[in-house]
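User: I am new to reading protein models. Can we go through this one step by step?

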Amino acid sequence: MGLFRLLPAVFFLLVAVLSASFCLGIRSIPGRAVNVGGGLELVGLRFAEAPDYRNGIECSVSGNRQFVSSCDPSLVHVAMTLDLEYLRGSIAAVHSVLKHAACPENVFFHFIAAEFDPASPRVLAQLVRSTFPSLSFKVYIFREDTVINLISSSIRQALENPLNYARNYLGDILDPCVDRVIYLDSDVVVVDDIHKLWNTTLAGSRIIGAPEYCHANFTKYFTDGFWSDPVLSRVFSARKPCYFNTGVMVMDLVRWREGNYRRRIENWMEIQRKRRIYELGSLPPFLLVFAGDIEAIDHRWNQHGLGGDNVRGSCRSLHPGPVSLLHWSGKGKPWVRLDGKKPCPLDHLWEPYDLYKGNENARVKDHSLGFLSSSQSTIMGYSSYL
(Lines give C-alpha, C1' and ligand atoms only; values in the text may rest on other atoms or scores of the structure.)
Protein backbone atom coordinates (compact mmCIF):
# COMPACT_ATOMS: atom_id res chain seq x y z
CA MET A 1 0.00 0.00 0.00
CA GLY A 2 2.89 2.39 0.77
CA LEU A 3 4.13 2.12 -2.82
CA PHE A 4 0.71 3.05 -4.22
CA ARG A 5 0.51 6.11 -1.98
CA LEU A 6 3.83 7.32 -3.41
CA LEU A 7 2.83 6.89 -7.07
CA PRO A 8 1.01 10.29 -7.37
CA ALA A 9 4.02 12.16 -6.02
CA VAL A 10 6.44 10.32 -8.32
CA PHE A 11 4.13 10.94 -11.28
CA PHE A 12 4.03 14.66 -10.43
CA LEU A 13 7.82 14.82 -10.39
CA LEU A 14 8.22 13.03 -13.70
CA VAL A 15 5.72 15.36 -15.34
CA ALA A 16 7.53 18.37 -13.87
CA VAL A 17 10.87 17.16 -15.21
CA LEU A 18 9.62 16.22 -18.65
CA SER A 19 7.30 19.18 -19.19
CA ALA A 20 9.79 21.91 -18.26
CA SER A 21 10.85 24.30 -20.98
CA PHE A 22 12.88 22.37 -23.55
CA CYS A 23 15.79 24.30 -25.00
CA LEU A 24 18.31 23.33 -27.62
CA GLY A 25 21.86 24.55 -27.89
CA ILE A 26 23.38 23.47 -24.58
CA ARG A 27 27.08 23.57 -25.27
CA SER A 28 29.94 22.23 -23.20
CA ILE A 29 32.42 24.57 -21.60
CA PRO A 30 35.75 22.79 -22.14
CA GLY A 31 38.14 22.23 -19.28
CA ARG A 32 40.48 25.17 -19.14
CA ALA A 33 42.41 27.41 -16.81
CA VAL A 34 40.68 30.47 -15.45
CA ASN A 35 43.11 33.12 -14.27
CA VAL A 36 41.69 36.01 -12.31
CA GLY A 37 43.21 38.63 -10.04
CA GLY A 38 46.87 37.77 -10.22
CA GLY A 39 47.27 34.01 -10.01
CA LEU A 40 43.85 32.48 -9.23
CA GLU A 41 43.44 29.39 -11.36
CA LEU A 42 40.81 26.68 -11.77
CA VAL A 43 41.67 23.85 -14.13
CA GLY A 44 39.67 20.98 -15.60
CA LEU A 45 36.13 21.51 -14.28
CA ARG A 46 33.67 21.19 -17.14
CA PHE A 47 30.01 22.25 -17.02
CA ALA A 48 27.54 22.63 -19.83
CA GLU A 49 26.22 26.12 -20.42
CA ALA A 50 22.62 26.25 -19.25
CA PRO A 51 19.81 27.23 -21.61
CA ASP A 52 19.04 30.94 -21.65
CA TYR A 53 15.80 31.06 -19.69
CA ARG A 54 13.85 34.25 -20.35
CA ASN A 55 10.73 35.90 -18.95
CA GLY A 56 7.40 35.43 -20.65
CA ILE A 57 5.24 38.36 -21.67
CA GLU A 58 3.22 37.99 -18.47
CA CYS A 59 6.23 38.85 -16.29
CA SER A 60 6.55 42.35 -14.88
CA VAL A 61 9.88 44.04 -15.55
CA SER A 62 11.26 46.94 -13.54
CA GLY A 63 14.32 49.10 -14.04
CA ASN A 64 17.23 48.50 -16.39
CA ARG A 65 17.45 44.79 -17.20
CA GLN A 66 21.00 45.27 -18.47
CA PHE A 67 22.08 45.93 -14.90
CA VAL A 68 20.00 44.24 -12.22
CA SER A 69 20.55 45.62 -8.73
CA SER A 70 20.80 43.33 -5.73
CA CYS A 71 18.67 45.96 -3.95
CA ASP A 72 15.67 45.63 -6.27
CA PRO A 73 12.77 44.65 -3.96
CA SER A 74 10.64 43.45 -6.89
CA LEU A 75 12.97 40.48 -7.44
CA VAL A 76 12.91 37.05 -5.83
CA HIS A 77 16.09 36.90 -3.73
CA VAL A 78 17.68 33.47 -3.20
CA ALA A 79 20.76 32.87 -1.01
CA MET A 80 22.98 29.80 -1.31
CA THR A 81 26.49 28.82 -0.31
CA LEU A 82 29.07 28.18 -3.00
CA ASP A 83 32.13 25.97 -2.53
CA LEU A 84 34.17 23.53 -4.57
CA GLU A 85 32.95 20.42 -2.75
CA TYR A 86 29.25 21.10 -3.33
CA LEU A 87 29.62 23.15 -6.52
CA ARG A 88 27.97 20.48 -8.66
CA GLY A 89 24.93 20.47 -6.39
CA SER A 90 24.73 24.27 -6.33
CA ILE A 91 24.83 24.48 -10.12
CA ALA A 92 22.05 21.87 -10.39
CA ALA A 93 19.95 23.74 -7.80
CA VAL A 94 20.25 27.03 -9.69
CA HIS A 95 19.40 25.28 -12.95
CA SER A 96 16.28 23.76 -11.42
CA VAL A 97 15.09 27.12 -10.07
CA LEU A 98 15.48 28.81 -13.47
CA LYS A 99 13.93 25.91 -15.37
CA HIS A 100 10.70 25.99 -13.40
CA ALA A 101 10.39 29.72 -12.66
CA ALA A 102 7.59 31.52 -14.49
CA CYS A 103 9.78 34.64 -14.56
CA PRO A 104 13.40 33.41 -14.36
CA GLU A 105 14.90 36.84 -15.08
CA ASN A 106 13.23 38.11 -11.91
CA VAL A 107 15.28 35.80 -9.68
CA PHE A 108 18.46 37.18 -8.10
CA PHE A 109 21.00 34.82 -6.50
CA HIS A 110 23.20 35.74 -3.54
CA PHE A 111 26.09 33.26 -3.26
CA ILE A 112 28.14 32.99 -0.07
CA ALA A 113 31.67 31.65 -0.63
CA ALA A 114 34.33 30.84 1.94
CA GLU A 115 37.44 33.00 1.88
CA PHE A 116 39.83 30.03 1.93
CA ASP A 117 37.93 27.52 -0.20
CA PRO A 118 40.29 25.57 -2.53
CA ALA A 119 38.67 27.56 -5.33
CA SER A 120 38.60 31.25 -4.51
CA PRO A 121 35.30 33.16 -4.46
CA ARG A 122 36.27 35.05 -7.58
CA VAL A 123 37.05 31.86 -9.51
CA LEU A 124 33.74 30.34 -8.41
CA ALA A 125 32.00 33.50 -9.63
CA GLN A 126 33.68 33.08 -13.01
CA LEU A 127 32.45 29.51 -13.22
CA VAL A 128 28.88 30.51 -12.35
CA ARG A 129 28.97 33.26 -14.97
CA SER A 130 30.24 30.91 -17.68
CA THR A 131 27.53 28.36 -16.86
CA PHE A 132 24.69 30.90 -16.55
CA PRO A 133 25.71 33.88 -18.76
CA SER A 134 22.50 35.85 -18.17
CA LEU A 135 22.11 35.08 -14.45
CA SER A 136 21.71 37.99 -12.04
CA PHE A 137 23.87 37.24 -9.03
CA LYS A 138 26.39 38.48 -6.53
CA VAL A 139 29.11 36.62 -4.62
CA TYR A 140 29.94 37.51 -1.03
CA ILE A 141 33.04 36.39 0.87
CA PHE A 142 32.54 34.70 4.24
CA ARG A 143 35.56 34.55 6.51
CA GLU A 144 35.62 31.25 8.38
CA ASP A 145 37.25 32.83 11.42
CA THR A 146 33.93 34.61 12.01
CA VAL A 147 32.51 31.36 13.34
CA ILE A 148 35.33 28.81 13.60
CA ASN A 149 35.79 29.27 17.35
CA LEU A 150 32.09 28.64 17.96
CA ILE A 151 31.84 25.33 16.11
CA SER A 152 31.80 22.11 18.14
CA SER A 153 32.29 18.56 16.88
CA SER A 154 29.27 16.94 15.26
CA ILE A 155 27.91 13.50 14.39
CA ARG A 156 29.41 13.87 10.90
CA GLN A 157 32.54 15.85 10.01
CA ALA A 158 30.95 17.49 6.98
CA LEU A 159 28.51 19.22 9.32
CA GLU A 160 31.43 21.06 10.93
CA ASN A 161 32.26 23.00 7.76
CA PRO A 162 32.18 26.72 8.71
CA LEU A 163 30.22 27.50 5.54
CA ASN A 164 27.28 25.52 6.99
CA TYR A 165 26.93 28.35 9.48
CA ALA A 166 26.86 31.15 6.89
CA ARG A 167 23.04 31.16 7.05
CA ASN A 168 23.41 32.56 10.59
CA TYR A 169 25.07 35.66 9.15
CA LEU A 170 22.89 36.45 6.14
CA GLY A 171 21.64 39.61 7.83
CA ASP A 172 25.24 40.83 8.05
CA ILE A 173 26.61 39.43 4.81
CA LEU A 174 23.94 40.47 2.31
CA ASP A 175 23.54 44.09 1.32
CA PRO A 176 21.55 46.01 3.97
CA CYS A 177 18.96 46.84 1.30
CA VAL A 178 17.99 43.15 0.96
CA ASP A 179 14.95 42.87 3.21
CA ARG A 180 13.86 39.31 2.48
CA VAL A 181 15.51 36.18 1.12
CA ILE A 182 14.91 32.49 0.45
CA TYR A 183 17.76 30.39 1.79
CA LEU A 184 18.40 27.08 -0.04
CA ASP A 185 20.93 24.35 0.66
CA SER A 186 23.15 23.17 -2.21
CA ASP A 187 21.64 19.66 -2.30
CA VAL A 188 18.15 20.61 -3.45
CA VAL A 189 16.28 20.78 -6.73
CA VAL A 190 13.17 22.89 -7.19
CA VAL A 191 10.43 21.43 -9.41
CA ASP A 192 7.91 24.26 -9.02
CA ASP A 193 7.84 28.02 -9.49
CA ILE A 194 10.06 29.63 -6.84
CA HIS A 195 7.76 32.67 -6.85
CA LYS A 196 5.16 30.60 -4.99
CA LEU A 197 7.58 30.09 -2.11
CA TRP A 198 8.62 33.74 -2.23
CA ASN A 199 5.00 34.82 -1.75
CA THR A 200 4.85 33.16 1.69
CA THR A 201 3.38 35.55 4.25
CA LEU A 202 5.27 35.75 7.54
CA ALA A 203 2.43 36.57 9.92
CA GLY A 204 2.78 38.71 13.01
CA SER A 205 6.36 39.15 14.10
CA ARG A 206 7.68 35.86 12.71
CA ILE A 207 11.19 35.97 11.33
CA ILE A 208 11.34 32.80 9.24
CA GLY A 209 9.04 30.41 7.42
CA ALA A 210 9.77 26.74 6.77
CA PRO A 211 7.97 23.39 6.61
CA GLU A 212 7.75 22.03 10.14
CA TYR A 213 7.29 18.44 11.28
CA CYS A 214 5.52 18.18 14.61
CA HIS A 215 5.33 14.37 14.48
CA ALA A 216 9.12 14.11 14.82
CA ASN A 217 10.64 13.29 18.21
CA PHE A 218 11.89 16.76 19.09
CA THR A 219 13.72 15.65 22.22
CA LYS A 220 16.28 13.67 20.21
CA TYR A 221 17.86 16.85 18.85
CA PHE A 222 19.28 17.67 22.29
CA THR A 223 21.19 15.73 24.93
CA ASP A 224 19.80 14.39 28.20
CA GLY A 225 21.95 16.99 29.95
CA PHE A 226 20.02 19.75 28.18
CA TRP A 227 16.58 18.38 29.09
CA SER A 228 17.57 17.73 32.69
CA ASP A 229 18.74 21.31 33.18
CA PRO A 230 15.70 23.39 34.20
CA VAL A 231 17.39 26.65 33.24
CA LEU A 232 18.32 25.60 29.71
CA SER A 233 15.21 23.58 28.85
CA ARG A 234 12.83 26.32 29.93
CA VAL A 235 13.64 28.09 26.64
CA PHE A 236 10.74 26.04 25.25
CA SER A 237 8.37 26.61 28.18
CA ALA A 238 6.29 29.22 26.33
CA ARG A 239 6.43 27.45 22.96
CA LYS A 240 5.33 24.16 21.44
CA PRO A 241 8.53 23.32 19.50
CA CYS A 242 8.48 21.31 16.29
CA TYR A 243 11.38 20.18 14.12
CA PHE A 244 12.08 22.12 10.94
CA ASN A 245 14.88 21.76 8.43
CA THR A 246 17.04 24.85 7.92
CA GLY A 247 17.92 23.92 4.31
CA VAL A 248 14.83 25.73 3.02
CA MET A 249 13.78 28.96 4.75
CA VAL A 250 12.03 32.22 3.89
CA MET A 251 13.70 34.89 6.03
CA ASP A 252 12.66 38.43 6.96
CA LEU A 253 16.07 40.09 7.21
CA VAL A 254 14.68 43.37 8.54
CA ARG A 255 13.27 41.68 11.64
CA TRP A 256 16.35 39.42 11.81
CA ARG A 257 18.67 42.42 12.04
CA GLU A 258 16.43 44.36 14.42
CA GLY A 259 16.24 41.40 16.81
CA ASN A 260 19.98 40.59 16.52
CA TYR A 261 19.15 36.94 15.89
CA ARG A 262 22.71 36.22 14.78
CA ARG A 263 23.84 36.93 18.32
CA ARG A 264 21.06 34.83 19.84
CA ILE A 265 22.24 31.83 17.81
CA GLU A 266 25.87 32.50 18.75
CA ASN A 267 24.91 32.52 22.43
CA TRP A 268 23.62 28.96 22.16
CA MET A 269 26.74 27.89 20.25
CA GLU A 270 28.85 29.26 23.12
CA ILE A 271 26.81 27.26 25.61
CA GLN A 272 27.26 24.17 23.43
CA ARG A 273 31.03 24.57 23.56
CA LYS A 274 30.89 24.49 27.36
CA ARG A 275 28.02 22.10 28.07
CA ARG A 276 27.56 19.81 25.02
CA ILE A 277 23.79 20.15 24.67
CA TYR A 278 23.39 18.76 21.11
CA GLU A 279 25.17 16.57 18.54
CA LEU A 280 23.98 17.79 15.15
CA GLY A 281 25.90 20.72 13.67
CA SER A 282 24.21 24.01 12.76
CA LEU A 283 20.57 22.89 13.08
CA PRO A 284 20.02 22.81 16.89
CA PRO A 285 20.86 26.50 17.53
CA PHE A 286 18.16 27.44 15.01
CA LEU A 287 15.71 25.14 16.79
CA LEU A 288 16.57 26.68 20.14
CA VAL A 289 15.84 30.18 18.86
CA PHE A 290 12.93 29.58 16.48
CA ALA A 291 11.22 26.18 17.02
CA GLY A 292 7.56 26.73 17.85
CA ASP A 293 7.60 30.26 16.46
CA ILE A 294 7.93 29.93 12.68
CA GLU A 295 5.54 30.32 9.77
CA ALA A 296 4.64 26.76 8.79
CA ILE A 297 5.02 26.31 5.02
CA ASP A 298 3.49 23.43 3.08
CA HIS A 299 5.60 20.26 3.29
CA ARG A 300 5.80 20.12 -0.50
CA TRP A 301 8.54 22.77 -0.25
CA ASN A 302 10.99 20.51 1.55
CA GLN A 303 10.87 16.81 0.75
CA HIS A 304 13.97 16.37 2.87
CA GLY A 305 16.03 13.40 4.05
CA LEU A 306 16.63 11.95 0.57
CA GLY A 307 20.34 11.62 1.38
CA GLY A 308 19.55 9.10 4.12
CA ASP A 309 20.74 9.38 7.69
CA ASN A 310 23.95 11.11 8.75
CA VAL A 311 25.89 7.83 9.12
CA ARG A 312 24.93 5.39 6.38
CA GLY A 313 23.30 7.62 3.77
CA SER A 314 20.80 4.90 2.89
CA CYS A 315 18.10 5.24 0.23
CA ARG A 316 14.81 6.81 1.20
CA SER A 317 11.49 7.36 -0.50
CA LEU A 318 9.31 10.45 -0.83
CA HIS A 319 6.96 11.58 1.88
CA PRO A 320 3.27 11.24 0.89
CA GLY A 321 1.83 14.26 -0.88
CA PRO A 322 2.75 16.72 -3.65
CA VAL A 323 6.33 17.82 -4.26
CA SER A 324 7.75 21.25 -5.10
CA LEU A 325 11.32 20.79 -3.79
CA LEU A 326 13.47 17.71 -3.24
CA HIS A 327 16.23 17.87 -0.66
CA TRP A 328 19.07 15.34 -0.37
CA SER A 329 19.81 16.21 3.26
CA GLY A 330 21.78 13.52 5.05
CA LYS A 331 25.04 11.82 4.16
CA GLY A 332 24.27 10.56 0.63
CA LYS A 333 24.46 13.05 -2.25
CA PRO A 334 22.95 12.18 -5.63
CA TRP A 335 25.99 13.14 -7.72
CA VAL A 336 28.26 10.94 -5.60
CA ARG A 337 25.95 7.93 -5.83
CA LEU A 338 25.33 8.41 -9.55
CA ASP A 339 29.07 8.63 -10.27
CA GLY A 340 29.65 5.55 -8.13
CA LYS A 341 27.02 3.60 -10.15
CA LYS A 342 25.07 2.98 -6.95
CA PRO A 343 22.25 5.51 -7.19
CA CYS A 344 19.10 5.47 -5.12
CA PRO A 345 15.89 5.48 -7.20
CA LEU A 346 15.14 9.14 -6.45
CA ASP A 347 18.65 10.24 -7.46
CA HIS A 348 17.46 9.96 -11.07
CA LEU A 349 15.08 12.88 -10.39
CA TRP A 350 18.13 15.06 -9.64
CA GLU A 351 20.01 13.96 -12.76
CA PRO A 352 18.16 16.10 -15.38
CA TYR A 353 19.41 19.28 -13.69
CA ASP A 354 23.05 18.21 -13.55
CA LEU A 355 25.21 20.30 -15.90
CA TYR A 356 28.49 18.68 -14.92
CA LYS A 357 30.47 17.35 -17.91
CA GLY A 358 33.50 15.84 -16.25
CA ASN A 359 36.64 16.47 -14.29
CA GLU A 360 39.78 16.00 -16.34
CA ASN A 361 42.27 15.59 -13.50
CA ALA A 362 40.95 18.86 -12.15
CA ARG A 363 43.12 20.78 -9.77
CA VAL A 364 42.71 24.14 -8.15
CA LYS A 365 45.40 26.72 -7.62
CA ASP A 366 44.76 29.70 -5.40
CA HIS A 367 48.09 31.47 -5.26
CA SER A 368 46.90 34.73 -3.81
CA LEU A 369 43.95 36.61 -2.39
CA GLY A 370 45.68 39.85 -3.24
CA PHE A 371 42.50 41.48 -4.51
CA LEU A 372 41.33 41.72 -0.85
CA SER A 373 42.74 44.10 1.67
CA SER A 374 43.54 42.72 5.10
CA SER A 375 42.09 45.90 6.57
CA GLN A 376 38.64 45.20 5.17
CA SER A 377 35.76 44.22 7.46
CA THR A 378 35.30 40.70 8.82
CA ILE A 379 32.44 39.90 6.46
CA MET A 380 33.00 41.26 2.97
CA GLY A 381 31.25 41.18 -0.37
CA TYR A 382 31.90 42.15 -3.96
CA SER A 383 29.85 42.29 -7.10
CA SER A 384 30.31 39.60 -9.71
CA TYR A 385 28.64 40.88 -12.86
CA LEU A 386 31.40 39.31 -14.97
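Analyst: Start with one term. pLDDT is the predictor's confidence in each residue, from 0 to 100. We need it here, as this is a predicted model.

User: Which residues around 360-386 have a pLDDT under 50, and how many contacts beyond four places in sequence does the model have for them?
Analyst: A contact means heavy atoms within 4.5 Å. The pLDDT stays under 50 over residues 360-386. For that stretch, the contacts beyond four places in sequence number 71.

User: What is the average pLDDT of the protein?
Analyst: Of the residues, 77% score at least 70. One stretch, residues 15-41, is below 50. The protein's average pLDDT is 83.

User: How many disulfides are there?
Analyst: A disulfide is a covalent bond between the sulfur atoms of two cysteines. Here the cut-off is a sulfur pair within 2.5 Å. By this rule the count is 4.

User: In which pattern do the disulfides join the bonded cysteines?
Analyst: Count the bonded cysteines along the chain. Then read off which number goes with which. The pattern is 1-3, 2-4, 5-6, 7-8.

User: Is the disulfide of cysteine 59 and cysteine 103 left-handed or right-handed?
Analyst: The two sulfurs of cysteine 59 and cysteine 103 are 2.1 Å apart. Cysteine 59 is in the loop between strand 2 and strand 3, and cysteine 103 in the loop between helix 2 and strand 4, 44 residues apart. The torsion about their S-S bond is about -95 degrees, so the disulfide is left-handed.

User: Are cysteine 59 and cysteine 103 buried or exposed?
Analyst: Buried means under 20% relative accessible area. Cysteine 59 has 7%. Cysteine 103 has 11%. So cysteine 59 is buried, and cysteine 103 is also buried.

User: How many residues apart in sequence are cysteine 71 and cysteine 177?
Analyst: A disulfide joins cysteine 71 to cysteine 177, with S to S at 1.9 Å. Cysteine 71 lies in the loop between strand 2 and strand 3, and cysteine 177 in the loop between helix 4 and strand 6. So this pair ties together parts of the chain, and their separation in residues is 106.

User: How do cysteine 71 and cysteine 177 count by relative accessibility?
Analyst: Cysteine 71 is at 34%. Cysteine 177 is at 31%. Cysteine 71 counts as partly exposed, and cysteine 177 also counts as partly exposed.

User: Is the link of cysteine 214 and cysteine 242 left-handed or right-handed?
Analyst: The sulfur atoms of cysteine 214 and cysteine 242 are 1.9 Å apart. These cysteines sit 28 residues apart in the chain. With 100 degrees about the S-S bond, their link is right-handed.

User: How many residues of strand 4 are buried?
Analyst: In a regular strand the side chains alternate between the two faces of the sheet. From strand 4, Val107, Phe109, Phe111 and Ala113 point one way, and Phe108, His110, Ile112 and Ala114 the other way. Strand 4 is largely enclosed by the rest of the structure, because its buried residues number 8 of the 8.

User: In which sense does strand 4 pair with strand 3 and with strand 5?
Analyst: Strand 3 and strand 4 share 7 bridges, and histidine 77 partners phenylalanine 108 in one of them. Strand 4 and strand 5 pair over 7 bridges. Phenylalanine 109 stands opposite phenylalanine 137 in strand 5. With strand 3 the sense is parallel, and with strand 5 it is also parallel.

User: What is the hand of the crossover from strand 4 to strand 5?
Analyst: Strand 3, helix 2 and strand 4 make a right-handed β-α-β unit. From strand 4 the chain crosses through helix 3 to strand 5. This β-α-β crossover is right-handed.

Technical notes: Residues numbered from 1 in each chain as written. Predicted model: local features only at pLDDT ≥ 70, side-chain atom pairs only at ≥ 80, totals over all residues. Heavy atoms only, no water. Helix = DSSP H or I, 4+ residues; strand = E, 2+ residues; numbered from the N terminus. Buried < 20%, exposed > 50% of the residue type's maximum accessible area, 1.4 Å probe, protein only. Pairing = 2+ DSSP bridges. Right-handed = clockwise from strand over helix to strand, strands pointing away.
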